[in-house]
Structures are given as C-alpha cells and as structure tokens.
Amino acid sequence: MLQALGGHINVDDFHTSFDSKFSDTYSPLPNHDFEDGLNGWKVKSGTAFSAEAVTNETTYWGGSFDQKGTYHLWGFKNGDEATGVMQSLPFEIGGMGQIDFLISGGEDINNLYVALVRASDGKELFKATGSNTERYSRVIWYAADHIGEQVYVKIVDNATGGWGHINIDDVNVQAKFGTGQ
C-alpha cells in the first residue's frame with residue numbers, strides 16, 4: 001500500500017525476488033546453465049538440440065556471446081536447418097514468480113522461442129525469441145499470477161534458413177520439485 005499524506009509517504013509490504021514463505025523448500029532449476037550438458041533437459045523432437053549444441057565457445061563470427069559460466073546452448077552448432085523441441089523438468093513456481101534467462105539467435109516468435117508452459121494443459125503462458133544476434137540478452141518474466149502451478153520451460157526451434165536457430169543460457173527460477181517428476 002502506498003499513501004501520501006501531507007508531505008510524507010507511507011509504504012508497506014516490501015518484497016525481494018527471493019522472499020517467499022516457501023523459500024526454504026524451493027531450489028533452482030537443475031542444470032539451469034548447461035554446465036552439465038543437457039542433463040535435466042529432455043529433447044522431445046528433432047535434431048536442433050543435442051550434446052553437440054552445448055558449447056564452451058565464447059565468441060562467434062561477430063563478437064562475444066556474453067554467456068554466463070563456461071557452457072551454453074548454441075543452436076547454430078547443429079545448423080539453421082535443424083528443428084526440434086526441448087523442455088526442462090516440470091516444477092512448481094515459487095518465490096515471487098520471477099523467471100529470467102539469457103536468449104539470442106533468430107527472431108521469430110512463432111517458430112523460434114522459449115516458453116513457460118503450464119503442465120496441466122500445455123498452455124504457453126510466456127514466450128520470448130531472439131533478436132537476430134548471437135549476443136545474449138536477459139529476458140525477465142513476472143509469473144506471480146502462476147505461483148504454485150506446475151510448469152516447465154520449453155525451447156522451440158521450428159525455423160530453417162538464415163537465423164533458424166535459438167541460443168539459451170542461465171535459466172533462473174525458484175522451483176519446487178515434487179516426487180515422481
């Protein structure tokens with residue numbers, strides 16, 4: 001609540017992205033930064049995402065990737081013709097619902113994107129695409145309306161030809177993993 005009365009401000013209920021009544025039971029997405037290859041990620045279809053696409057290369061033909069850590073997923077390693085879908089383990093959104101990640105590669109929101117998907121019905125809640133550059137930029141989604149829901153991160157490459165690839169790194173969530181997932 002914010003209230004201005006006669007030259008002063010009253011504020012209440014401050015939160016940070018790590019505040020949560022569940023903070024002791026939530027953890028990061030396993031292998032969120034591809035430092036352990038594709039462990040924790042499942043290739044659902046195609047050849048766009050493979051162990052060969054996880055690389056420690058720091059530069060491309062036009063400059064620096066600016067990835068986080070040593071490894072990242074560079075979709076171009078399998079060529080612009082390769083297509084496919086990959087997803088994270090399902091998790092329950094916790095904390096304040098903030099999800100952020102690094103993305104680059106082609107710009108095509110319909111065929112080349114990262115999505116946050118509700119596990120119960122497959123609805124894509126958020127989507128982001130690259131900007132026709134290999135240099136990473138950070139995307140932040142505010143998914144507070146979905147706290148407590150089971151979701152997963154889906155990476156889609158259905159584009160071919162020039163800029164027909166997507167790159168991703170450093171996927172950060174506060175997640176709760178149940179048994180049997």
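This is a predicted model: local features need pLDDT of at least 70, side-chain atom pairs count only at pLDDT 80 or more; totals for chains, interfaces and linings use all residues.

Author: Trp74 has its place in strand β7, which covers residues 72–74. With a relative accessibility of 5%, Trp74 falls under the 20% limit and therefore counts as buried. Leaving aside residues up to four places away in sequence, Trp74 touches Ala53, Thr55, Glu57, Tyr60, Trp61, Phe65, Glu134, His165, Ile166 and Asn167. The C-alpha atoms of Trp74 and Ser104 are separated by 8.8 Å, while the two residues are 30 places apart along the chain.

Aromatic neighbours come next. Trp74 belongs to one aromatic cluster together with Tyr60, Trp61, Phe65, Phe76 and Tyr136, and a search of the whole structure gives 10 aromatic pairs. One of these pairs is that of Tyr60 and Phe65, whose ring centres are 5.2 Å apart and whose planes meet at 55°, so the pair is classed as tilted. Both partners are buried, since Tyr60 has a relative accessibility of 15% and Phe65 has a relative accessible area of 0%. Another pair is formed by Phe101 and Trp141, with ring centres 4.8 Å apart and planes at 70°, so this one is edge-to-face. The pair links distant parts of the chain, because Phe101 lies in strand β10 (residues 98–105) and Trp141 in strand β13 (residues 133–142), 40 residues apart. Phe101 and Trp141 are each buried.

Five strands, in the order β4-β7-β15-β10-β13, form an open sheet with antiparallel pairing, and the strand of Trp74, β7, is one of them. At the edges stand β4 (54–55) and β13, each with a single partner strand, so one side of each has no neighbour in the sheet. Between β10 and β13, which run antiparallel, there are 7 bridges, and Phe101 stands opposite Val139 in β13. Val139 is also among the residues that Phe101 touches, and that list, which again leaves out residues up to four places away in sequence, includes Val114, Ala128, Trp141, Ile168 and Val171.

In soluble globular proteins, nonpolar side chains tend to be buried together. The largest nonpolar core here has 33 residues, and those touching the most other members are Leu73, Phe91, Phe101, Val114, Leu116 and Ile155. The elements giving two or more residues to this core are β9 (91–93), β10, β11 (112–118), β12 (124–128), β13, β14 (150–157) and β15 (166–172). Apart from this core lies another, of 6 residues, which includes Val85, Tyr113, Val117 and Tyr152. The ring of Tyr113 also has the charged end of Lys127 sitting over it, 4.0 Å from the ring centre.

A last point concerns the backbone. Most residues other than glycine have a negative phi. Phe34, although not a glycine, has a positive phi of about 60°, and Asn31 likewise has a positive value, near 50°. Phe34 is found in the loop between β2 and β3, and Asn31 has its place in the loop between β2 (8–11) and β3 (41–46). Both count as buried, Phe34 at 0% relative accessibility and Asn31 at 13%.

Note on methods:
Residues are numbered from 1 along each chain as its sequence is written. Side-chain values use heavy atoms; hydrogens and water are left out. Rings of Phe, Tyr and Trp (its six-membered ring) pair if their centres lie within 6.5 Å; planes under 30 degrees apart count as stacked, over 60 as edge-to-face and the rest as tilted. Buried means under 20% relative accessible area, exposed over 50%, partly exposed in between (1.4 Å probe, protein chains only). Helices (H or I, at least four residues) and strands (E, at least two) are DSSP runs, numbered from the N terminus. A charge sits over a ring if NZ of Lys or CZ of Arg is within 6 Å of the ring centre and within 35 degrees of the ring normal. Contact means heavy atoms within 4.5 Å. A nonpolar core is a set of buried Ala, Val, Leu, Ile, Met, Phe, Trp, Tyr and Cys residues joined through side-chain atoms within 4.5 Å. Two strands pair if DSSP finds at least two bridges between them.
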